[in-house]
Amino acid sequence: MGEVPGLVVTGASGRMGQTLIRLVGAADKLRLVGCVERAGHPWIGRDVGEAMGGSHLGVKVTDDPLEAFAKAQAVVDFTSPAATVEFAALAAQARAVHVIGTTGLEAEHLAKIEAASRHAVIVRAGNMSLGVNLLVRLTQKVAAALDADWDVEVVEAHHRMKVDAPSGTALMLGQAAADGRGVSLEKARVSGRDGITGARERGTIGFSAIRGGDIVGEHDVIFASEGERIVLRHMATDRSIFARGALRAAAWGQGQKPGQYDMMDVLGI
């Protein structure tokens, strides 16, 4: 057997960063070799295990991503769109698998990530959980089976600290519904409603976002028609499900050809 691939976690002090660091310590398919934080962060130069309030792990937090990526075979990234674009270029330079769980990415960010994927493996998904990815596939199948007389609404709920809306997962689900119907999500999308909006336009795909407390993540896809409704639901109670999926993607990406992949590829569904 070859050496276990080395992993770098970006945004090490964040909720997902700390969850990833705890889980990779118990994994046998990856080993932690680097942790990255923004310049000026109080964790810079400290052992990450001690910074997290635990035992010494032998990995110091750095604000130099290129140095960290150079000794890694994989990078897991749940940060911000601007940081993710920078990391994509650096991970490609290092030929490291880049697993992206960052949400809020816009067209300009996606174009740069696509350019980086010509040189390295990128696994990008709005949600890394097995359950959510199965929900995405079910949403597409149900949407394909029903006509536009069935209204589609995506309702999502997250903790009060989440800064983007709709969530990346909600957009994945909306895209799945649009794909099932053979329509453009950009043209069909209606995000939030306020005031006198008029009657609902046939064929649209609505989005609503709830923010509050410490909700990890809840998503409903509602298909509503005259006299009946179909509700597909996923509820996350522990964010480690996303971290486990990301680590699985990092291991899966080893040896794949350069390109952009998603969790459907990783899971084979």
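## Close-up views of a predicted model

**View A. Val152, with a relative accessibility of 0%, counts as buried.** Buried here means under 20% relative accessible area, exposed means over 50%, and partly exposed lies in between, with a 1.4 Å probe and protein chains only. This is a predicted model, in which local features need a pLDDT of at least 70 and side-chain atom pairs count only at pLDDT 80 or more, while totals for chains, interfaces and linings use all residues. Residues are numbered from 1 along each chain as its sequence is written, and side-chain values use heavy atoms, with hydrogens and water left out. Val152 belongs to strand E7, where helices (H or I, at least four residues) and strands (E, at least two) are DSSP runs numbered from the N terminus. Leaving aside residues up to four places away in sequence, Val152 touches Ala177, Arg181, Arg200, Thr204, Ile205, Gly206, Val221, Ile222 and Phe223, a contact being heavy atoms within 4.5 Å.

**View B. Glu153 forms salt bridges with Arg193 and with Arg200.** A salt bridge is a side-chain nitrogen of Lys or Arg within 4 Å of a carboxyl oxygen of Asp or Glu, and by this rule the count comes to nine. For the side chains of Arg193 and Glu153 the N to O distance is 2.7 Å. Arg193 lies in the loop between strand E8 (189-191) and strand E9 (205-211), whereas Glu153 lies in strand E7, so this pair ties together parts that are 40 residues apart in sequence. Glu153 counts as buried at 15% relative accessibility, while Arg193 counts as partly exposed at 42%. In the bridge between Arg200 and Glu153, the closest N and O atoms are 2.8 Å apart. Because Arg200 lies in the loop between E8 and E9 and Glu153 in strand E7, this second pair ties together parts that are 47 residues apart in sequence. Arg200 counts as partly exposed, with a relative accessibility of 28%. Through shared partners, salt bridges join Asp151, Glu153, Arg193 and Arg200 into one network.

**View C. Helix H6 (residues 130-145) includes Leu134.** With 16 residues at 1.5 Å a residue, H6 should span 22 Å, and its end C-alpha atoms are 23 Å apart, which agrees; the expected span is 1.5 Å times one less than the number of residues. The buried residues of H6 are Val132, Asn133, Leu135, Val136, Thr139 and Ala143. Seen down the axis of H6, these buried residues fall within an arc of 155°, so they line one face of the helix; the arc is that of the directions from the helix axis to the C-beta atoms. An α-helix has 3.6 residues a turn, so residues three or four places apart point the same way. The buried residues of H6 pack against helix H7 (168-181), strand E10 (217-225), strand E11 (228-236) and helix H10 (263-267). On the other side of H6, Lys141, Ala144 and Ala145 are exposed.

**View D. Leu130, Leu134 and Ile269 make a nonpolar surface patch of about 240 Å².** Patches are made of residues with over 30% relative accessible area and no salt bridge, with like charges joined within 9 Å and nonpolar side chains (Val, Leu, Ile, Met, Phe, Trp, Tyr) within 5 Å; accessible areas come from the Shrake-Rupley method with a 1.4 Å probe, and for residues only the protein chains shown count as cover. Leu134 is partly exposed, with a relative accessible area of 39%.

**View E. Gly11 sits in the loop between strand E1 (6-10) and helix H1 (15-26).** Gly11 is buried, with a relative accessible area of 17%. Beyond residues up to four places away in sequence, Gly11 touches Gly17, Val36, Glu37 and Thr79. The C-alpha atoms of Gly11 and Ser80 are separated by 9.0 Å, although these residues are 69 places apart along the chain. Glu37 is itself buried at 8% relative accessible area, and its side chain meets that of Arg38 in a salt bridge of 3.6 Å, N to O. Arg38, by contrast, counts as exposed, with a relative accessibility of 55%.

**View F. Backbone details at Pro166 and Arg95.** A cis peptide bond, with omega about -10°, joins Ala165 and Pro166, and Pro166 is placed in the loop between strand E7 (151-158) and H7. Arg95 has a phi near 60°, a positive value in a residue other than glycine. This arginine, Arg95, is found in the loop between helix H4 (81-94) and strand E5 (97-100), where Arg95 is exposed with a relative accessible area of 56%.
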